[in-house]
Amino acid sequence: MAERQPPFSLQQIGTGAFRFPSGAPVPSLSDAAVDPYYRTRTPKEALVETIVFWPQEKGLYPGVVLLHERWGLNAQIKDVANRLACEGMTVIVPNLYGRQGGMVTAHAETADTLAARIKESEVLQDINSCCEFLNSRDQVKKNLHAVVGFGLGGSLAIRFACQRKRLRAAVAYYGRVTAPAATLKDLVCPVLYHRAGDDPLVTEDELDRLRQAGKESGKPVEIKVYEGAPHGFADTMRTDTYRPDAERAAWDATVAFLNERFQAER
């Protein structure tokens, strides 16, 4: 059977870097154009540093906030963003380490240190501002957004899915379920969770709390298990943990899930 081809090729994808205030109104393109002081004004708020990927063919596309692993905003997460854009989505990738200088590392201890330093409330505010930025773009459907995260980003995706009421979907790749039960009960959208079968970092108790959150909130929670796959099985840069069969299955499920949720009324 021939492999399914996405609607757009890499040559049809545009990309650009954007910065905007965190937790403050995002200036529209017209606002910036008519404000003579826009380029020189120093905002009081912290700036969210992002990379955006989008299909260049004229049209309206759903938006995805893509959250990176503990390694930082590296080539692997940019590749995922390109692939999602090829599926007909506008993808914004915030640098979760922006307040720490935007570091990227391949060293596990350094990555753990960077992840431990982030403040969840600040990062969630940054992610929310990414949704507001998407709402300011002419090619993005208003409030038709999802969040997708890997590892550290997967944990934040679940947490954000309990916060932004207009979110349509959340996908978490092997992220820990760190949100307390009192927060999880406020789940606002369906969740697809990719469980690495050989992953001691995520406990069954955490997944049970996620399932219970789905029952209490009335939002579907689907947990797909990839037997024998280690944590990081979808990371093409980590040859020790990358498992191409599991990655492909998870990718196909992710694309199908997002498309279904974007087409649903709510």
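This is a predicted model: local features need pLDDT of at least 70, side-chain atom pairs count only at pLDDT 80 or more; totals for chains, interfaces and linings use all residues.
**Helix α4**

I started with α4, which covers residues 120–135, 16 residues in total. I looked up its span: 23 Å from the first C-alpha to the last, close to the 22 Å expected at 1.5 Å a residue.

Next I checked which of its residues are tucked away. The buried ones are Val123, Leu124, Asp126, Ile127, Ser129, Cys130, Cys131, Phe133, Leu134 and Asn135. What covers them? I found strands β1, β2, β3, β4 and β5 among the covering elements, along with helix α5 (152–160).

**Cysteines**

Two cysteines sit side by side in that buried list, Cys130 and Cys131, so I looked for a bond, taking 2.5 Å between sulfurs as the limit. The sulfur of Cys130 has its closest cysteine sulfur in Cys131, 7.1 Å away, and that is too far for a bond. Cys130 is buried, at 0% relative accessible area.

Cys162 counts as buried because its relative accessibility is 9%, under the 20% cut-off. My disulfide count for the model is 0.

**Positive phi**

Asn143 has a phi near 55°. I found Asn143 in strand β5, residues 140–150, one of the elements covering α4. At 22% relative accessibility, Asn143 is partly exposed.

Tyr174 has a phi of about 40°. Tyr174 lies in the loop between β6 (169–173) and α6 (181–184). Buried or exposed? Tyr174 is buried, at 2% relative accessibility.

How values were computed. Residues are numbered from 1 along each chain as its sequence is written. Side-chain values use heavy atoms; hydrogens and water are left out. Helices (H or I, at least four residues) and strands (E, at least two) are DSSP runs, numbered from the N terminus. Buried means under 20% relative accessible area, exposed over 50%, partly exposed in between (1.4 Å probe, protein chains only). The expected span of a helix is 1.5 Å times one less than its number of residues. Contact means heavy atoms within 4.5 Å.
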